[in-house]
Amino acid sequence: MVFKESETVELKSVVADDIKKEIIAFANCEGGKLYIGVQDDGTVIGLDDPDGAALQVSNMVRDAIKPDLTMFLHYETLNEDGKQIVAVDIQQGTERPYYIAKKGLRPEGVYVRQGYSSVPATNTAIRRMIKETDGDHFEDMRSLNQELTFEAAKKQFAKKDLPLGEAQMKTLGIMTHDGVYTNLGLLLSDQCVHTIKVAAFEGTTQSQFKDRKEFSGSLFQQMDEVYDYIDFRNQIHSSYQKLYRIDQRDYPETAVREALLNLLIHREYSYRASSFVSLYADRIEFTSIGGLLSGVTLNDVMMGISVCRNIKLANIFYRLELIEAYGTGMRKIREAYSETGKNPEIETSENAFKIILPNLNVQIETKKTDVNKPADDDQEEAVISLAKKQGTFIRKDVQKELGISQTTCGRLLKKMVENGQIIQEGKSRNTHYRLPE
C-alpha cells in the first residue's frame with residue numbers, strides 16, 4: 001500500500017498531541033483517515049505497541065475534544081511490510097463544529113481541513129457549522145463563548161429556592177447534553193453580550209438629554225437594574241378628593257414591569273443591536289429589536305394571543321414566577337390603565353416592537369390647567385383655526401394648543417395631510433404645516 005498525504009489522509013509517525021487537531025479537522029469536514037506509524041514521506045516505520053497507541057488516541061478524543069466524537073472513529077491495526085500501524089477512520093460528525101475542549105469554540109480550538117493541512121477555522125466558518133448543525137433557532141445554537149458564569153442567574157433561582165446546577169441547566173436548555181453552553185445560556189450568563197440602553201430626555205422630544213446609561217450583564221441583572229432606574233424616576237403626585245389625599249405614580253408599576261419583561265423575553269437576539277427604553281416628560285417608550293412573528297397581527301397581540309419567539313427563555317421566566325403565562329402581559333398593561341382615562345399604545349415595524357406608556361400625572365395636570373382642551377371631534381377644526389391665525393405652524397404649536405402628546409399629535413397631523421386638509425413642508429426639524437391655497 002502506498003501512503004501519501006491528501007485532503008482526506010494524514011500520516012503520523014507516533015501519537016503526538018497535535019493528532020487531535022487532525023481528527024477535529026476531518027470530523028468538521030468530509031471525514032478522513034489517520035495512519036499512525038507512517039512518516040510524512042510515506043515511509044512505514046511501524047509501532048511497537050499498536051493497541052497502546054489506539055488507546056492513547058481514544059483517550060485523547062474522549063478527554064480533549066468536544067462534543068463527544070468517539071462514535072465517529074473506527075480503529076484498525078494493519079500489517080504493512082511486516083510492521084504494524086494503526087489506521088483511524090474518522091467520519092464527518094453530526095454535531096459540528098468539534099473543538100479542543102480547553103480552547104473552546106474559537107479559531108484556536110476549531111480546525112478544518114484545507115489542502116493537506118489542518119488549519120484554524122474562521123469565526124464565519126464556525127458560525128456556519130453551528131447554524132447547519134443546530135438550525136436557525138437562536139436559543140438552541142451553541143454559544144461561541146464557553147467561558148460563562150452564572151452568579152446573577154443563581155441568585156435569581158435562589159430567590160425561589162430553585163437549584164441551578166448542571167442537571168438543571170441541561171433540562172432548561174442552558175446547556176446541551178454534552179455540557180456545551182447554548183445561546184440561551186449566554187443570555188442568562190454574566191457575560192451576555194446584549195444590552196439595554198436607557199435615556200431620559202427633557203420635555204417630550206429627544207432634543208435634550210437629561211441622562212443616559214447602558215445596562216449589561218445577565219438578562220436578570222439587566223431586568224433588576226433597568227427597573228430600579230425607571231422606578232427611581234417614577235414620581236408620586238398627590239391630589240385631593242374632599243378631605244382625602246390620593247397619591248398616584250406617573251406610571252403604574254404593573255405596566256412598567258410587564259413592558260420591561262416583554263422587552264427582555266420577546267426581542268430578537270440574533271441581532272446584536274441594543275434594546276431601548278426612552279423616558280420623556282409625558283411617556284416611556286420600550287423599543288425591542290424584532291417585529292411581530294410571521295402570521296401574528298397587532299390585533300392578535302392585543303387579544304392575548306402569544307406566539308413566543310424565545311420559548312425556552314420564556315419558560316425560565318415562567319418557572320421563576322416572573323411571568324404568569326404567555327400572552328398575559330399586554331392584558332395586564334391595559335388593565336393597569338383601565339380607569340385612568342389614558343391608553344397605552346403599541347407601534348410595530350418589520351424589525352421593531354414599541355410599547356408606549358403615557359404619564360398619568362401629566363394628563364391630570366393638563367386637565368387642570370387646560371380646561372378649554374377641545375374634544376377629539378373638534379381637534380381638526382382647532383388645527384385649521386391655528387393655521388388661519390398663524391399662517392404656518394409646527395407640531396409643537398399643535399401640542400401646546402390642544403394639550404396632546406407628541407404621538408397623538410403626529411397621528412392627527414398625518415391624517416390631516418393625507419386628507420388634504422393641511423400641507424406639510426420641509427423635513428425633520430424644519431417640518432412645518434400650512435393650509436392649502
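Trainee: Which residue just after helix 15 takes a positive phi?
Mentor: Glycine 420, with a phi of about 80°. Bear in mind that this is a predicted model.

Trainee: What about helix 15, how does its length compare with what it should span?
Mentor: Helix 15 covers residues 406-418, which is 13 residues, so at 1.5 Å a residue it should span 18 Å. Its end C-alpha atoms are 18 Å apart, which agrees.

Trainee: Which residues in helix 15 are buried?
Mentor: Thr407, Cys409, Leu412, Leu413 and Met416. As background, an α-helix has 3.6 residues a turn, so residues three or four places apart point the same way.

Trainee: And what is valine 383 in contact with, leaving aside its neighbours within four places in sequence?
Mentor: Phe393, Val398, Leu402, Leu412, Leu413, Met416 and Ile422. Of those, Leu412, Leu413 and Met416 are among the buried residues of helix 15. Valine 383 itself is found in helix 13, residues 379-390.

Trainee: Is valine 383 buried or exposed?
Mentor: Buried, because its relative accessible area is 1% and the cut-off is under 20%. Its C-alpha atom is separated by 9.7 Å from that of leucine 435, which is 52 residues apart from it along the chain.

Trainee: Switching to confidence. Where is it lowest?
Mentor: In helix 12, residues 360-369, with a mean pLDDT of 56. The highest is helix 6, residues 183-188, at 97. The chain averages 88, and 93% of the residues score at least 70.

Trainee: Over which residues does pLDDT stay under 50?
Mentor: Residues 364-375. The model has 13 contacts for them beyond four places in sequence.

Trainee: What does phenylalanine 317 touch?
Mentor: Not counting residues up to four places away in sequence, phenylalanine 317 touches Phe220, Met223, Leu261, Ile265, Leu322 and Ile323.

Trainee: How many aromatic pairs does a search of the whole structure find?
Mentor: Eight. In one, the ring centres of phenylalanine 215 and tyrosine 229 are 5.8 Å apart and the planes are at 75°, so the pair is edge-to-face. Phenylalanine 215 lies in strand 10 (residues 209-215) and tyrosine 229 in helix 7 (residues 219-233), so the pair ties together parts that are 14 residues apart in sequence.

Trainee: Are those two buried or exposed?
Mentor: Phenylalanine 215 and tyrosine 229 are both buried.

Trainee: Which residues form an aromatic cluster?
Mentor: Phe201, Phe209 and Tyr280 form one. Two of its rings also have an arginine over them. The charged end of arginine 212 sits over the ring of phenylalanine 209, 3.4 Å from its centre. Arginine 283 lies over the face of tyrosine 280, at 3.7 Å from the ring centre.

Trainee: Backbone next. Which residues does a cis peptide bond join?
Mentor: Lysine 66 and proline 67, with omega about -20°. Proline 67 is in the loop between strand 3 (65-66) and strand 4 (73-80). The bond from arginine 96 to proline 97 is also cis, with omega near 0°. Proline 97 lies in the loop between strand 5 (83-90) and strand 6 (99-100).

Trainee: What is phi of aspartate 81?
Mentor: Near 55°, a positive value in a residue other than glycine. Aspartate 81 lies in the loop between strand 4 and strand 5, and at 71% relative accessibility it counts as exposed.

Trainee: And where is aspartate 161 found?
Mentor: In the loop between helix 4 (151-159) and helix 5 (166-172). Aspartate 161 also has a positive phi, about 55°, although it is not a glycine. At 70% relative accessibility it counts as exposed.

Trainee: Last one: is threonine 287 buried or exposed?
Mentor: Buried, with a relative accessible area of 19%; the cut-off is under 20%. Threonine 287 is in strand 14, residues 283-289. Not counting residues up to four places away in sequence, threonine 287 touches Leu263, Ser275, Phe276, Ala352, Phe353 and Lys354.

Technical notes
Residues are numbered from 1 along each chain as its sequence is written. This is a predicted model: local features need pLDDT of at least 70, side-chain atom pairs count only at pLDDT 80 or more; totals for chains, interfaces and linings use all residues. Side-chain values use heavy atoms; hydrogens and water are left out. Rings of Phe, Tyr and Trp (its six-membered ring) pair if their centres lie within 6.5 Å; planes under 30 degrees apart count as stacked, over 60 as edge-to-face and the rest as tilted. Helices (H or I, at least four residues) and strands (E, at least two) are DSSP runs, numbered from the N terminus. Buried means under 20% relative accessible area, exposed over 50%, partly exposed in between (1.4 Å probe, protein chains only). A charge sits over a ring if NZ of Lys or CZ of Arg is within 6 Å of the ring centre and within 35 degrees of the ring normal. pLDDT is the predictor's confidence in each residue, from 0 to 100. Contact means heavy atoms within 4.5 Å. The expected span of a helix is 1.5 Å times one less than its number of residues.
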